[in-house]
Amino acid sequence: MDRTILHFQVPPAGMIAFDIISTSTLIVFYDKLIVPLHIKLTKTQSKTLAELQRIGTGFVIAVVTMLFASLVEQKRLKYSDGSTKEMSSLHILWQIPQYILMGASKAMVCVAEKEFFAAQTPDGLKSLEMILSFCCSALGGYMCHTILWAVTKITASNGKAGWVPPNLNDGNVDRFFFLLAALTILNLGLFVIYAYRYISISTQMRDVIEEMEEVAP
């Protein structure tokens, strides 16, 4: 992609800065931006979204991120010069929105996940909760690597370049992003099912107290 801004070459790895800025900004200004918007749209006086609602919102943003990344990749291929080099006249700044969306998704999911585990885990299992949380993150990294390996192995058969070849101009990375969006939608569907059936500790304690009050003379 075209990485030139004035006389400066933007390093591709530097685009991750927009992800970090987006994540930090949303976390800092969550109470001042997201909560008032939530109250205005839902017309309720709820102080904030519940943890599970925020995680679900993060998944939705992740789907939008993958779809936007796929569209940008299609546009990048359209402006490709067709050479053996990975060159395209499309400017790298087109990637900024997807990094911002990715940062927003992580801010919604990761923070709410920590708050959910902290609130729903018994005091004696707090350390175990932290360990399991890190294990889930590590497992997610291995799953991403496995998905990429499987897609490359399947799509690169019979002499084809595959979806994610060394030279991206010969592949279809946009289809890979669409696949990730589909998997995220599937994950979101499963999450909604289990979140709807989940009974929080506070609700369970309230039910227990009500039962004790009914039994008490």
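Buried means under 20% relative accessible area. Keep that cut-off in mind for this tour of a predicted model.

**Whole chain**

Start with everything shown as cartoon. The protein chain has seven helices and two strands. Read along the sequence, they follow the pattern β-β-α-α-α-α-α-α-α. Now colour by burial: buried residues make up 29% of the 217 residues. The accessible area is about 14600 Å², and 69% of it belongs to carbon and sulfur atoms. For the contacts, take pairs of residues at least 6 apart in sequence: 70% of these contacts join residues at least 24 apart.

**Helix H4**

Select residues 96-120, which form helix H4. Check its length. At 1.5 Å a residue, its 25 residues should span 36 Å, and the end C-alpha atoms are 36 Å apart, which agrees.

**The largest core**

Select Leu-26, Tyr-30, Val-35, Leu-49, Ile-61, Ala-104, Ala-107 and Met-108, its eight residues. Helix H2 (30-42) and helix H4 are the elements that give two or more residues to this core. H4 gives the most, with three. Zoom in on Ala-107. Beyond its neighbours within four places in sequence, Ala-107 is in contact with Thr-23, Leu-26 and Ile-27. Next, look for a second, separate core of six residues, which includes Ile-55, Phe-59, Leu-188 and Phe-191.

**Helix H1**

Go to residues 16-28, helix H1. At 1.5 Å a residue, its 13 residues should span 18 Å; the end C-alpha atoms are 19 Å apart, which agrees. Which residues of H1 are buried? Asp-19, Ser-22, Thr-23 and Leu-26. Turn the view until you look down the axis. The buried residues of H1 fall within an arc of 95°, so they line one face of the helix. An α-helix has 3.6 residues a turn, so residues three or four places apart point the same way.

**Leu-183**

Move to helix H6 (residues 173-197) and pick Leu-183, which lies in it. Leu-183 is partly exposed, with a relative accessible area of 35%.

**Ser-80**

Select Ser-80, in the loop between helix H3 (51-78) and H4. Ser-80 is partly exposed, at a relative accessible area of 21%. Show its surroundings. Leaving out residues up to four places away in sequence, Ser-80 touches Met-87, Ser-88 and Asn-169. Then draw a line to Leu-168. Ser-80 and Leu-168 are 88 residues apart in sequence and 9.9 Å apart in space, C-alpha to C-alpha.

**Cysteines**

End with two cysteines. Cys-110 is partly exposed, with a relative accessible area of 39%. Cys-144 is exposed, with a relative accessible area of 53%. How many disulfides are there? The count comes to zero, where a disulfide is a pair of cysteine sulfur atoms within 2.5 Å.

Terms used
Residues numbered from 1 in each chain as written. Predicted model: local features only at pLDDT ≥ 70, side-chain atom pairs only at ≥ 80, totals over all residues. Heavy atoms only, no water. Core = buried A, V, L, I, M, F, W, Y, C linked by side-chain atoms within 4.5 Å. Buried < 20%, exposed > 50% of the residue type's maximum accessible area, 1.4 Å probe, protein only. Helix = DSSP H or I, 4+ residues; strand = E, 2+ residues; numbered from the N terminus. Contact = heavy atoms within 4.5 Å. Expected span 1.5 Å × (residues − 1). Arc of directions from axis to C-beta. Areas by Shrake-Rupley, 256 points an atom, 1.4 Å probe, with all protein chains shown as cover.
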